[in-house]
Amino acid sequence: MMSSIAFVGAGPTTLYALKALLRAPVRGVGVTVFEAEAEPGVGSPYRAGWNGPSMLSNIASAEIPPVTETLLAWLQGRADAELRDLGVEAADLSDRTFVPRVALGRYFRDQFERVVDQLRSAGACVDVRAGRRVDDVAIRGEGVELRWSGATGAETGRFDHVVLATGHQWPSKQESRPGYFTSPWPAATLAALPPTKVGVRGSSLTAIDAAIAVAGAHGAFTRGADGRIKYEPAAGTEGLRITLMSRKGLLPEADFYFPLPHPPLTICTPQAIAGVIEAGGVDLLDRAFDLFRREMAAVDPAYVAAVGLQRGDLEAFGEAYFADRMATDPFVWAATNLAEAQANHQTRFTVPWRDALLRLHEVMASITPHLDKVQFDRFSRHLKPVFVDAYGAAPHESVERMLALHRAGKLEVLALGDDHMVDTRRPEGGARLTRRGISRSFPVFIEGTGQRILGAIQFPFLSLIEQGVVRDAGAAQDAESDKVEGARGVEIDDHFSLVADGLTPDRLFCLSLPFILGRHPFAQGLTSSHEMGEIVGRRLAVVAARSAEAAHPPVDRLQAVA
């Protein structure tokens, strides 16, 4: 009997896994894709309604791993009318252009359909079940049982291999209490908010998206003859004022130019970090940081000297990295940084230390599963924010819009520090911020800090929790001290297989972002979707090849048996 494979979720990660599966003989292999939404292949970060039409992606075609063709080639093949519908100007297109998120969603939907057609042409039996929400998953004998619901009611089915690729996980109720929003998604809800004082916890891309969704409903962004973006508030919106607030109170820096492909690292290489991991020890993080420091010194000695990186530890570097920005008005810094980034893109100049951080973050991330709680907390508090700042650079137009809102008197950024309190349980709704003895009320308050790490107790499929298949990462080693590190996500191996007693490898994969962020702290973007999908897709390709060989053995084997 041929293998059966089920994917729960039909976003980009599943798409890249399906593409990788094509490398194997798939004739007769059963592939079932479940998607809760009506349109498979899009993914929540790029779905219309979930995102406002003005929300930009922060990744360009040059960085997106192509599926059957690049994003740029696909866009260039669209009619002008379709491009206008997607908010894309044909004259502005290049492989470095940032397009609206909904345009990426349309691209991935089209690519999904093409890959499904390719699988079917290769002989796979593909069943795409859109509008079907998987409600539970359980191990049953030698397979995995799924229970799903849809227009036809509840159904169950058993599969040999299952990939859980449910993506981001936000609270089911966006407005959990009057005026308090636990996430900015879907953005369409924010567009219906009144023009009042709006507080947004966070000041990175997620928070910026929330601000743009609110502001876009009460005014318009226009670009003048001088090329400068201006925000024009609508009549009757005098009460609108948006406050982005975060511990440091910084806006993300503008997207910077870097070469593709990236030049290889020479000191802090994957091989060198693997050696540090193999040696182990309580000083693992510091030894890895020493490799990081030496790489940075080789790439940009002037920057290393300026921030004192050669002399300090990772805590000191974490402070020095942000020090100048924290001492400067965030909008003044944003304007200066934007002008620098635009000039560097124009001349194709790469700032060495910025590019080095971009290359180093994934190499350094490989140490996180091997850190104890104290070292993991050090990494998360002092070094991770540096890397997030580097790869979380914002599209130039997003920064321009923030500056335009500020000039219009509609936006401020507030540094909270560590001594503050936000009360979201007020009878009158919204939230109250208390900081340095001063309180401020926000009739509307939005959580915009992005996806956080979730533990096993929050896993969406109850049976897997009850069966002990899903458990907190670090739970086994912490049993002696009665501590369970739920903030580390769930237990998976290097190939994203869930780890549990008696569970066959490659039976059940977890690619659901909130539950793997502890082990893969930077797995948030499309390059990560590609890497994760490739890893799982290659494993499934091996499974498919074995299944095909067992079902259709070579002629010489048949003769030997006879």
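**Notebook: rings, a helix and hairpins**

I began with Phe461, which counts as buried at 3% relative accessibility, where buried means under 20% relative accessible area, exposed over 50% and partly exposed in between, with a 1.4 Å probe and protein chains only. I note that this is a predicted model, in which local features need pLDDT of at least 70 and side-chain atom pairs count only at pLDDT 80 or more, while totals for chains, interfaces and linings use all residues. Residues are numbered from 1 along each chain as its sequence is written, and side-chain values use heavy atoms, with hydrogens and water left out.

**Aromatic rings**

I looked up the ring pairs next, taking rings of Phe, Tyr and Trp (for Trp the six-membered ring) as paired if their centres lie within 6.5 Å, and calling planes under 30 degrees apart stacked, over 60 edge-to-face and the rest tilted. By this rule I find 22 aromatic pairs. One of them joins Trp74 and Tyr107, edge-to-face, with 5.8 Å from centre to centre and 70° between the planes. Trp74 lies in helix 2 (residues 71-76) and Tyr107 in helix 4 (residues 101-121), so this pair ties together parts that are 33 residues apart in sequence; helices (H or I, at least four residues) and strands (E, at least two) are DSSP runs, numbered from the N terminus. Trp74 counts as buried at 1% relative accessibility, and Tyr107 counts as buried at 0%.

For charges over rings, I required NZ of Lys or CZ of Arg within 6 Å of the ring centre and within 35 degrees of the ring normal. The charged end of Arg96 sits over the ring of Phe258, 5.6 Å from its centre, and the charged end of Arg401 sits over the ring of Phe221, 5.6 Å from its centre.

**Helix 10**

I then turned to helix 10 (residues 314-326), whose 13 residues should span 18 Å, and whose end C-alpha atoms are 18 Å apart, which agrees; the expected span is 1.5 Å times one less than the number of residues. Its buried residues include Phe317, Tyr321 and Phe322, and what covers the buried residues of helix 10 includes helix 8 (284-299) and helix 13 (373-391). At the start of helix 10, I find a side-chain oxygen of Asp313 within 3.3 Å of the backbone nitrogen of Glu315.

**Thr14**

Thr14 is found in helix 1 (residues 12-21) and is buried, with a relative accessible area of 2%. Its side chain reaches the backbone oxygen of Gly9 at 2.8 Å. Leaving aside neighbours within four places in sequence, I find Thr14 in contact (heavy atoms within 4.5 Å) with Phe7, Gly9, Val33 and Ala165.

**Hairpins**

Lastly I followed the strands, which pair if DSSP finds at least two bridges between them. Strand 4 (residues 133-140) and strand 5 (residues 143-150) pair in the antiparallel sense over seven bridges, and Trp148 in strand 5 is the bridge partner of Val134. These strands form a hairpin with two residues between them, and Gly141 in the turn has a positive phi of about 60°. Strand 5 also pairs with strand 6 (residues 153-159) in the antiparallel sense over seven bridges, with Val144 opposite Phe159 in strand 6.

Definitions and conventions: Polar contact = N/O pair within 3.5 Å; in protein donor to acceptor, adjacent residues only side chain to side chain.
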